[in-house]
Amino acid sequence: MKSKIEKKTQVRNALIASGISLIAALIAAALSLFVLNLGFVITFILSAIVFAAVLAVMLYLWKKTDLLREVLYLLYCIRNPEDKRTYYCPCCKRSLAGFMDMELGSQPEKYDPARFTDMKQDVMCPFCYSAPRQRILACWAEDNKELLKKSEILYFAPEYSMMKWIRRNGIKLTTADLFAPNVDLKLDITDIKLEDSSYDMIICNHVLEHVSSYNKALSEMRRVLRPGGTLVISFPIDETLGTVFEQEANTPEDRIKLFGQVDHIRVFGRDSKEIIASAGFDVDTIDVSSMPDKILPVTGPADYDSNKIFICTKN
Ligand SMILES: [Zn+2]
């Protein structure tokens, strides 16, 4: 789901595109009236056409090429000279003066504000919206580029920021989701309609806390992986819990209170590695401590998210 801050920055970008279109329309109006002497009616029609055409082109380029984001980054760099930009987002490859407030704690209709106490909230990349976990994953991917390049990959619930890294590095993969539009395959992770042993790698971040049975999902992903294949997986973990916490919760309010987020139905605990291992994987753990400070690899932004990533080999 799109965060409040993502929506806000999209509105800001749309306003910038409208402003540039308005300037183009005013220039066209001035030319029409004072240079070509075309009269008010024709000038009005011409300006409206120029406004609509420039806006349409900008919105198209924004959607298809990220041009507007590049322009915004250029303005950002002018405002923040290089010595100020000590942070880095490996997903969109941009150096930053700082990260942005995710504002999750101020959305009680989606998240439990109590879970954000003492957690660092200014952790989101202002350009690709990466959170610490996606930057940690991008760092791992950077170190394992050759493996990714030669693997046939299935990516469940693809994340915009991670897809930036994947496209930039020319990695070919198949995207899948049960609900999201614009994916290659519509798949239920607990009942994957694919042949056994059909992929070398599966990437699956923050899906298991949403699905009816995490055990079925793990078993299905193992089945679809080729022998020796890799599962890259993460999900929110509360380190104060010994094991996974599940309880019947039929209302949004109950789910927010029990699991911290309106669409979560469980929170995993300290035995997450063992849970994955018992599904038939050898498991390596990557956590925030092994990551460079400049990517801001913090735990959080909520207290049920320790930002561990498990790199698992089908055994
Ligand atoms: Zn970024």
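Tutor: In this predicted model, helix 2 (residues 40-65) packs against helix 3 (residues 67-79) at an angle of about 90°. Their axes are 6 Å apart. Helix 2 is therefore roughly perpendicular to helix 3. Look at who makes the contact. Helix 2 supplies Met58, Leu61, Trp62 and Thr65. Helix 3 supplies Leu67, Leu68 and Arg69. Sorted by class, this contact between helix 2 and helix 3 has five nonpolar residues, one polar and one charged.

Now step back to the domains. Domain 1 covers 4-76, and domain 2 covers 100-314. Their C-alpha centres lie 38 Å apart. Domain 1 and domain 2 are in contact, with 12 residues taken from domain 1 and 12 residues from domain 2.

The protein has nine helices and 11 strands. Its C-alpha trace spans about 80 × 45 × 45 Å along the principal axes. Of its 315 residues, 49% count as buried. Take the contacts between residues at least 6 apart in sequence: 68% of them join residues at least 24 apart.

Gln121 gives a local view. Find Gln121 in the loop between strand 3 (100-101) and strand 4 (122-124). Gln121 is buried, and its relative accessible area is 14%. Which residues does Gln121 contact, leaving aside its neighbours within four places in sequence? They are Met100, Asp101, Met102, Leu104, Gly105, Phe116 and Pro301. As for Gln10, it sits 111 residues from Gln121 along the chain. The C-alpha atoms of Gln121 and Gln10 are separated by 20 Å.

Last, the cysteines. How many disulfides does the model have? The count is zero. A pair of cysteine sulfur atoms has to lie within 2.5 Å to be counted. Take Cys312 as a case. The closest cysteine sulfur to that of Cys312 is in Cys204, 10 Å away, so the pair is too far apart for a bond. Cys312 is also buried, with a relative accessible area of 0%. Cys128 is buried as well, at 1%.

Technical notes:
Residues numbered from 1 in each chain as written. Predicted model: local features only at pLDDT ≥ 70, side-chain atom pairs only at ≥ 80, totals over all residues. Heavy atoms only, no water. Buried < 20%, exposed > 50% of the residue type's maximum accessible area, 1.4 Å probe, protein only. Axes fitted to C-alpha atoms, helices over the stretch in contact; angles between N-to-C directions. Helix = DSSP H or I, 4+ residues; strand = E, 2+ residues; numbered from the N terminus. Parallel < 35°, antiparallel > 145°, perpendicular 65-115°, else oblique. Contact = heavy atoms within 4.5 Å. Nonpolar A, V, L, I, M, F, W, Y, C, P; charged D, E, K, R; others polar. Domains from an automatic or database assignment.
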